[in-house]
Amino acid sequence: MGNLKLKGKDILKIGYPNNQSVNIALEVMKRNFATKNIHHVKSLLKEILVNPENYEKDLTFGQIAEALLSSKKTEKRMLNANRTSFQIFGNNISDEAKNQLYTGLKLPIALQGALMPDAHSGYGLPIGGVLAVDNAVIPYGVGMDIGCRMSLSILDTPISYLDGAKDKYEKALAEHTKFGMYETHKSHVDHEIFDRDTFDMIPILKRLKGKAIKQMGSSGGGNHFVEFGEVEITEEDEQIGLPKGKYLGILSHSGSRGLGAEIAQYYSRVATEQCPLPKEAQNFAWLDLNTHLGLEYWTAMNLAGDYASACHDDIHRRLVKAVGGRVKAKIENHHNFAWKEIHNGREMIVHRKGATPANENELGMIPGSMTAKGFIVRGKGNPDSLNSASHGAGRAFSRGECRNLFTQNDIKKELKLKNVTLMGGNTEEAPMAYKDINEVMNAQSELVDILGTFQPRIVRMDR
């Protein structure tokens, strides 16, 4: 790697104004053109200086162009005195989670909000929080695990195989799923996502591509899982296309791995620098979608979402290959993402942090715990929830509380009672750590219809 010998005074000599544009130009050129000849770099900077408007939408040079076209100082944003409209679903929600949403509702860009019945406190927007804003994206409103999602494959394999050939299914999970920061597959697939030029257009993505290739088809730690279980279709739906009955299913929960985490960390920090807010609202710092950085994050977020989806496809492909059978139906959804949507006749950016999209007739999967049933749902498109539903049962106890409250023995008793085999897992993810999924589902009957259930039988998690 070369080391570009470019200094601020070189940029000033070209004619750049003595403001933030110099530092931005320095950072962008050193990041992207470290191995290039200094004369070539200076000529590029001259071109941008002469016609900055030609480079406004350029993913490499847009930030420099923006700084040249606008020499505004970064001013501290104030919160509104009053909250914008919102709705809370469910009763068993902590005041801390509610207060986090209330802070978000006072942002000058906030348009509408909602809290799902599985809500609990997080960073900035609470988990289970939904926030619609005007033409901006809040990195912490999306969350650290961009594109974290559920994926359910329903197979044509008789359900009796889960007991009759249990060893085969356990072996498949042991050999073909990888968890945490260090486990990766020996063989890697050539997925189309790695051919996308987006990886080359944004410096942080270029740097993370190798890690993304390595971690393809793996799952995170914490509450992420891959499991075999019993699917029961209780209501026929033409999108699923299966008659009522019981089926063998594969359910996975994971996100965009190191790729998404590093995108989230970088742009959260940048947003905080660009958008100073009062202390209680710092984690709501946003990026305007008319700016280069906003466009950059939006592009990176969408790539991370597609990567998360590709990871799930790879997990399911490996497992189906190992255990046999054919996939008859697939149901999947993100629950940490931001979408451009129309509500009340206007375009909004809807952040769902730990919330499932539930547009009218949209299918989704809401899990319970390692022993509790999850639910296959169809959205009702309720405007009060911004067409959203819960993303699970939600935590009743924090991870720290679980370490003090529960033992491995407590988990073993619960697993035996529910006839579930657990591979990995720890007390932080104990079944007792979560709210009652049935109560959560009852609290959102206005948001979704239930089409079926998924009962975990063999569960694999990080150790």
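This is a predicted model: local features need pLDDT of at least 70, side-chain atom pairs count only at pLDDT 80 or more; totals for chains, interfaces and linings use all residues.
Residues are numbered from 1 along each chain as its sequence is written, and side-chain values use heavy atoms, with hydrogens and water left out.

**View A. Arg207 and Glu262 form a salt bridge.** A salt bridge is a side-chain nitrogen of Lys or Arg within 4 Å of a carboxyl oxygen of Asp or Glu; the structure holds 26 of them. In this pair the N to O distance is 3.3 Å. Arg207 lies in helix 10 (residues 203-215) and Glu262 in helix 11 (residues 257-274), so the bridge ties together parts that are 55 residues apart in sequence. Helices (H or I, at least four residues) and strands (E, at least two) are DSSP runs, numbered from the N terminus. Arg207 has 55% relative accessibility and counts as exposed. Buried means under 20% relative accessible area, exposed over 50%, and partly exposed in between (1.4 Å probe, protein chains only).

**View B. Lys330 pairs with Asp313.** Their closest N and O atoms are 2.9 Å apart. Because Lys330 is in strand 9 (residues 327-334) and Asp313 in helix 12 (residues 292-323), the pair ties together parts 17 residues apart in sequence. Lys330, at 34% relative accessibility, is partly exposed, and Asp313, at 32%, is partly exposed.

**View C. Asp314 and Arg318 meet in a salt bridge.** The N to O distance is 3.0 Å. The two residues are 4 apart in helix 12, which means a separation of about one helical turn. Asp314 and Arg318 are both buried.

**View D. Salt bridges link Arg395, Arg399, Arg403, Glu428 and Glu429 in a network.**
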